[in-house]
Amino acid sequence: MNSLELRASKAQTGARGASSRLVERLGVHNISLLVALAILVVIFGSLRADVFFSSRNLLNIGLGITILGVLAMSQTVVIVAGGLDIAVGATVGLTTVSTAMAIQATGSPSAGIVAGLVLGGLAGLVNGIIITYGRVNAVIATLGTMAIFRGIAFIMSDGQSIAIFSDTFRFIGIGRILGLPLLIWILVLTAIVFHLFLARSIVGRNIYALGGNPVVARFSGININRYRVGIYIMSGVAAGLAGILLAARTGSGQPVSGSQGLELEAITAAVLGGCALQGGKGTIVGALLGVAIIGVLNNGMILTSVPTFYQLLAKGSLLILAVVIAEYHLNRT
Amino acid sequence: MTQPEFFSLDKVSKRFGVVQALDSVSIAFRPGEVLALVGENGAGKSTMMRILEGVFGPDGGTVRHGSTPIVFGEPRDSHRAGIRVIHQEPEIVPNLTVAENIFVGELPRLAGVLLDWRKLEEQTDRVLATFGMQQDMRPRQLCSTLGPAQRQMIEIMRAIRAGGRLIAFDEPTSSLTDDEARRLFSVIRRLREEGTSIVYISHRLNEIIDLADRIVVLRDGRLVDDSPAAGASEQTIAKLMVGRDIADLFTRETWRAGQLLLDVAGLSTDRVSDVSLRVRRGEVLGIAGLVGAGRSELAKAIVGYDRRLAGTIAMNGVSVLANSPHAAIVAGIGFAPEDRKHEALLLFRSILDNAALCVPDKTSSFGFFNRRKALEIVSPLAAKMSIKAPNLDEQVSKLSGGNQQKVVLARWLARQPMLLILDEPTRGIDIGAKAEIYRLIDELAASGIGIILISSEMPELIGLADRVLVMAGGRITAELSRPDIDEATILKHAMPQSAPALGDHIQ
């Protein structure tokens, strides 16, 4: 093999079949996720054929996964960088409260949005500083801040649900554009942004380098401390966005309800989507497929009247199963 | 030939995808014999070791003990049969003691559950005494405090203790100093006298001629020669390995002095003290020293990876103030670290990604990676260095050591640095690729780039460097210029002052 063949590689790819090119683009992992998704659809579709495929139910699934979708994508970026953020659920709770309070105080939906994004970013900044400069393990650091953020949300709201009366703001959560809920448009838009950022931008590629091997990243001139803090800020802002969406959908700010357990689902979706917890590996497309699997599973369990307590068992098992599969693949290569 | 054969390979073949890693290779290992296994990277040496070790089985042929065929399901089976492979990177547990590491799996017990420390210490003392290692380590010492040579000795002692009858060494001296290597050789000779069968893999042909009784040469998975070591020379072996003559392995044009490029004054970090050095354009400055002398640490100090405690660094008269690799890169300094796998390469990314890592500005449009631009920069470099791979999207983990090193070099050439620091650039690389890297160093120097070459291979320093700085204990102990650069002078200055009496204290 010589340099001539290096240049010829493009021509070779072109000569191959369209199907194998599709496999290559999607990746083996994503295809197995699609298969898993199809199996779930077949199972729940046959169990509740009457409602599962109705457009209303499919929209429900879509609506159900928007908030999780945003969090799974930001969690993917964090995990690819070699970190973990288990405070996201608490951050979402905190930002719904701050958004609701800001709207209550000013009557302005923009103030609410700004409050949610800024508070989310601040929460991420705190995480980033503790992890990067305090040299605290990411799991422990965000486990601590998870309790702190929940506490702050309770203190701010006095444990009460804070109602939002702005119709403009509620439009984000319940409005439709071109027949599709606005929430779904927002998910699609953030997905495109996240994908381009992680897969194509130089910063995104450096994040893969950082997670894959921080020593190499540093020798290559990447300021790894700044990257790490920045990534947690991004995760906080994404949690802020998710909080805004949740508040707009429920019409209220609540410290716990609606945001509890989101970190579990977000991490599960990211790992299902192919993230290696060691860092350096994972994609936005994979995370979205992971989200879809969780969405269908949640929806299907409700339709087939699986008791809530058992749903929790299923979600926990899914996370562990996903990690076991990921580790198995990692050790085989 | 009169000795009884014990382990042998009979027409063993192994194929990985399109690559025929081993092609019907037959070798008989004999007790009390040192068999040297040589070949370029990818010749099939590692594959053979993995088969002996039971990591995977052969596609064809058999491994025999005497006349009985044996099948190893997993490494434990081959250990039980008495086969041990000592790897380049010793597999020891850093947070356990020397004694525990040597006796792992067979720790003496008290009352069935407790560790019998006294007995363990006695046993360890005995083992250390047989190997003459009492000066080097204590039974209760944590292995994390040991250097690479001592770690390797632990693995050897463990293998012998566990009853190894065939011990294979995979490039054992690549992380050892000359003195440590000499001690390893005397251990190997002693094992041979005791009837152990030794397989010795190395790229260092002088060692092999010195040590081996028999030399087996592999090329492209085939056995091309199996003959007694007596009468073999480096040239004949090298010729057999590559299938052609390599007369011009070490060539370097004379140096034309250029302007002052790098000026380091009084540089100190936690691991180097008060280092001052200068590099001119077009100059190759060699850094010699034993392992642990602080050579790599000096490189890490210059590129700002380690925290600078004192001193100044200037490039082209401009001071490099910030203490970060980023600042060094911006100042025009490139660094190819010794540990390619852990410090230089993103193993699971492609050649293209790795080579483009340090030139984000030249491979992007509006902050987004631009594959076409990256190819325009990397393809000519890959061609120039003849990187062997199906295409530039190949994962670097799948490349041979020599090609991996070329990818690292391509990364820096893409950056067009003014100064390039190469730390052991030819470690674990086959002769053909070595010669290419030497040629490249010469070319780069001729084009006006300053080069700092850190190397443990004396011929490399003597052949390539215009000047050599010798380090010991984190300090520079001597500066040698051509024609005073020779092995004896370098060694004289490389020995730490406080070192105990050296020599073979194993009889």
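**Reading the sheet, domains and interface of chain B**

Analyst: Helix 6 (residues 178-193) of chain B lies across strand 3, strand 9 and strand 10 of chain B, and its direction is at about 150° to strand 10 of chain B. The model is predicted.

User: Which strands does helix 1 of chain B lie across?

Analyst: Helix 1 (residues 45-53) of chain B lies across strand 3, strand 6, strand 9 (166-170), strand 10 (197-201) and strand 11 of chain B, at about 140° to strand 6 of chain B.

User: In what order do the six strands of the open sheet in chain B stand?

Analyst: The order is 6-9-10-3-11-12, with mixed pairing. Strand 6 (83-86) and strand 12 (222-228) of chain B each have a single partner strand, so one side of each has no neighbour in the sheet. From one strand to the next, the twist averages 20°. Strand 3 (residues 34-38) and strand 11 (residues 214-219) of chain B run parallel and are joined by four bridges; Leu37(B) has Val216(B) as its bridge partner.

User: How many residues of domain 1 of chain B are in contact with domain 2 of chain B?

Analyst: Nine residues of domain 1 of chain B are in contact with eight of domain 2 of chain B. The domain 1 side comprises two nonpolar, five polar and two charged residues. The domain centres are 34 Å apart, taken over C-alpha atoms.

Note on methods. Residues are numbered from 1 along each chain as its sequence is written. Chains are lettered from A and ligands numbered from 1 in the order in which they are written. This is a predicted model: local features need pLDDT of at least 70, side-chain atom pairs count only at pLDDT 80 or more; totals for chains, interfaces and linings use all residues. Domain bounds come from an automatic or database domain assignment. Two residues are in contact if their C-beta atoms, placed from the backbone, lie within 7 Å. Ala, Val, Leu, Ile, Met, Phe, Trp, Tyr, Cys and Pro count as nonpolar, Asp, Glu, Lys and Arg as charged, and the others, Gly among them, as polar. Two strands pair if DSSP finds at least two bridges between them. Helices (H or I, at least four residues) and strands (E, at least two) are DSSP runs, numbered from the N terminus. Axes are lines fitted to C-alpha atoms, for helices over the stretch in contact, and angles run from 0 to 180 degrees between N-to-C directions.
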